[in-house]
Amino acid sequence: MLKRALLCLLALAFFSPAALPAAVGNGKASETVEIFSEASGKVETVPKIMKTDAEWKKILTPEQYQVMRSKGTDRAFSKQCAIPRSGKGIYQCAACGTDLFKYGNKFESGTGWPSFWNPVSEKNVVLKEDDAFGMHRVEVLCARCESHLGHIFDDGPPPTGKRFCINATALKLAEKL
Ligand SMILES: [Zn+2]
């Protein structure tokens, strides 16, 4: 009799639906974000990429980690973006591969950092007030993995008048053939 009661209890513990969410995790893993995909031409709902500093250190080069996870900055004129041979390409987040800027929206700003007048979609970047170093600036982050990309300024060319000043270290080129 006691044995049967124990078995019943065990069965309840294993098969109770209430036990399932705890097994899936703390809910953070299911956080999603809407991202525009150049490949599909659509806005897609995808899981956010969230990692610990130790996990990012394993994936990124020391230089990428410094810029993207510690909000570092490439020295001006120290790094260039790869240029697509076909003349068409998308610069993606070096950490998670999210489409960020079209080669066609890149312009020569003379500042020593790659500059773009628009992202592929406003959904793909997050803008955040940044008062570090006694300056008021607006930081640009990847919307999917929240890696630091650079800053945005109001002295860009038409049609937006914006200058996305981005660290080349944070970008990788996906060439369109
Ligand atoms: Zn990213």
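Student: What kind of model is it, and which cut-offs apply?
Tutor: It is predicted: local features need pLDDT of at least 70, side-chain atom pairs count only at pLDDT 80 or more, and totals for chains, interfaces and linings use all residues. Residues are numbered from 1 along each chain as its sequence is written.

Student: How many helices and strands are there in the chain?
Tutor: The chain has four helices and 11 strands, taken as DSSP runs (H or I, at least four residues; E, at least two) numbered from the N terminus.

Student: Which strands form the open sheet?
Tutor: The order is E4-E3-E11, with antiparallel pairing; two strands pair if DSSP finds at least two bridges between them. Strands E4 (99–102) and E11 (171–175) are the edges, each pairing on one side only.

Student: How many bridges join E3 and E4?
Tutor: Three bridges, and E3 covers residues 89–93. Tyr91 stands opposite Phe101 in E4.

Student: Now the core: which residues touch the most other members?
Tutor: Leu100, Cys142, Ile166 and Ala170 do, in the largest nonpolar core, of 29 residues. Such a core is a set of buried Ala, Val, Leu, Ile, Met, Phe, Trp, Tyr and Cys residues joined through C-beta atoms within 7 Å. Buried means 20 or more other C-beta atoms within 10 Å of a residue's own, with C-beta atoms placed from the backbone.

Student: What does Cys142 touch?
Tutor: Not counting residues up to four places away in sequence, its contacts include Cys93, Leu100, Val125 and Leu149; a contact requires C-beta atoms, placed from the backbone, within 7 Å.

Technical notes:
A residue is buried if 20 or more other C-beta atoms lie within 10 Å of its own, exposed if 12 or fewer, and partly exposed in between; C-beta atoms are placed from the backbone. Two residues are in contact if their C-beta atoms, placed from the backbone, lie within 7 Å.
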